[in-house]
Amino acid sequence: MLNYAAAVAFLSLLTPSLTSPALQSNTLISARDACAGNTADTPRKPPETGVTREYYFELLDSNVSPDGVERYAMSINGSIPGPTIYADWGDTVVVHVTNSLADSTNGTSIHFHGIRQNYTNQHDGVTSITQCPTPVGSTITYIWRALQYGSTWYHSHYSLQAWEGVFGGIVINGPATANYDEDMGIMFLNDWDHDTVDALYLSAQTSGPPTLDNGLINGTNVYGDDDHSDQTGFRWNATWVEGSSYRLRLVNAAVDTHWKFSIDNHSMTVIAMDLVPITPFTTNVLSMGMGQRYDVVVTADQASIASSFWLRAIPQSSCSDNDSSDNIRGIIYYANSTDTPTTTGFSFTDSCEDEDVSNLVPYISKTVGDSGWSDSEAATVAFNDDSLFRWYLNSTTMVVEWVDPTILKVYNNETSFVDSNGVIEIDDEEDPAPTTAALLSTSPTPRRDTAMLPASGHLVIAFKTDNPGAWLMHCHIGWHTSEGFALQFVERRSEMLDLIDYNLLNSTCAAWETYTDSVSVVQDDSGV
Ligand code: CU
């Protein structure tokens, strides 16, 4: 257990520059040249598009069988993954979320992973931090502006609901650091079990992370071996045109699986991590922690080798347990092929580490400590809990209250935060914090919202305190979040007050209180 690596998500804290790199533009159909006025010499802010993209989500109880085995799940508008949110860089996004779950103990919230929420903290969608849960029968509306571009996802931030199926993709169109011919959209990599995650959480708390049954590629896979007549489900597949190039927007949406992703015989050009364009690098195998995204471009240049190829998501046994470890696969067909692939996967070393930082170079470099980094007003807060297995950060495990979210505490001046000097180190067990400046690289460093904390290692995080609000930082392993591996930063507290829409906050909390008066809601986890 202590060797568990942890995927740490900084949510909306770490965000890319608002200026644009010298990037080239792309269309869904064919490559085209760089846009005039969008070069390295003319950095710019997000365009004032004046466009609003409006979405309506309804959470539903659903029976699904993504690998041919039926079970209960929660869906958005009847689908898992839920609808993809599309916007252009600079657009305003409005999402109305209605909780129609029949299960009477479910609140909800929708968090937009990695979205900057600049001065819109209240629309971050994190229960116990930025809102009370939205109860069954209620609707909440989130409004934010797309100040970044690229690939990300949204998910419920209420208990383990995200991994019962309440998640979907976000595509924000903008420049890219390499050209491609076709945008294949979001490709989710999920782990999957025939029991619900709520059922599995009971054993996760007492006996550690359970071995999961299977995995899904964009919501589908087979279950059982290929040569067995009782195999169920079907594989994700796509047909490529020889010579064309394809952009895949990969998202690791697993509850507890670190993936290595590859397409047999094909190399990938990686053009973005999380919502940050990077200087492209090529690899055959891509390592992905929970919550992370990578955008890759793959050219269909292997027609001389075969007519179909396996696409593989391989759970890393160093930190993940899965019964279908070699059978979470899709198929890339060339031309009119329908042949079952016979290709062999690339060799790799089983591990749960991030890609080498030397490859993760943001196209626009920023240096920690430049002007604007010094006026920190950060703080930590966490609460102790009972005897179940819990994760601790700074000697406390997080348990927060659904009915009394942090921003309500701030509004009512009921807080007791510990002020910090702006530097907080997060260490795994047994490794005293290295404090020598020599170990701290300030530039160039990867800039992203989710990073791997190596077992018995450390992770140093810097963020600019330029966005007032209460922000959660947590492990993105679902069990760990629920087990309290989380803390929150309250940033520029004095400025938060002016930003809080009390009517919105209070109406959701009043609805939650009314709801919990009528049904018995038991909080058996951290509350986030
Ligand atoms: Cu997330």
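This is a predicted model: local features need pLDDT of at least 70, side-chain atom pairs count only at pLDDT 80 or more; totals for chains, interfaces and linings use all residues.
Because Arg293 belongs to strand E20 (residues 293–299) while Asp449 sits in the loop between strand E25 (425–427) and strand E26 (450–453), the pair ties together parts that are 156 residues apart in sequence. Asp449 is likewise buried, with a relative accessible area of 2%.

A salt bridge also connects Asp91 and Arg53, whose closest N and O atoms are 2.6 Å apart. Here Asp91 lies in the loop between strand E4 (82–88) and strand E5 (92–99), and Arg53 lies in strand E2 (residues 52–64), so this pair ties together parts that are 38 residues apart in sequence. Asp91 is buried at a relative accessible area of 1%, whereas Arg53 is partly exposed, with a value of 27%.

In the salt bridge between Glu495 and Arg492, the N to O distance is 2.8 Å. Glu495 counts as partly exposed at 28% relative accessibility, while Arg492, with a relative accessible area of 16%, is buried because the cut-off for that class is under 20%.

Beyond these pairs, Asp183, Arg247, Arg249 and Asp295 are linked in a network of salt bridges. Side chains of opposite charge can pair when their charged atoms come close, and across the whole structure a search finds 18 salt bridges.

Key
Residues are numbered from 1 along each chain as its sequence is written. Side-chain values use heavy atoms; hydrogens and water are left out. A salt bridge is a side-chain nitrogen of Lys or Arg within 4 Å of a carboxyl oxygen of Asp or Glu. Helices (H or I, at least four residues) and strands (E, at least two) are DSSP runs, numbered from the N terminus. Buried means under 20% relative accessible area, exposed over 50%, partly exposed in between (1.4 Å probe, protein chains only).
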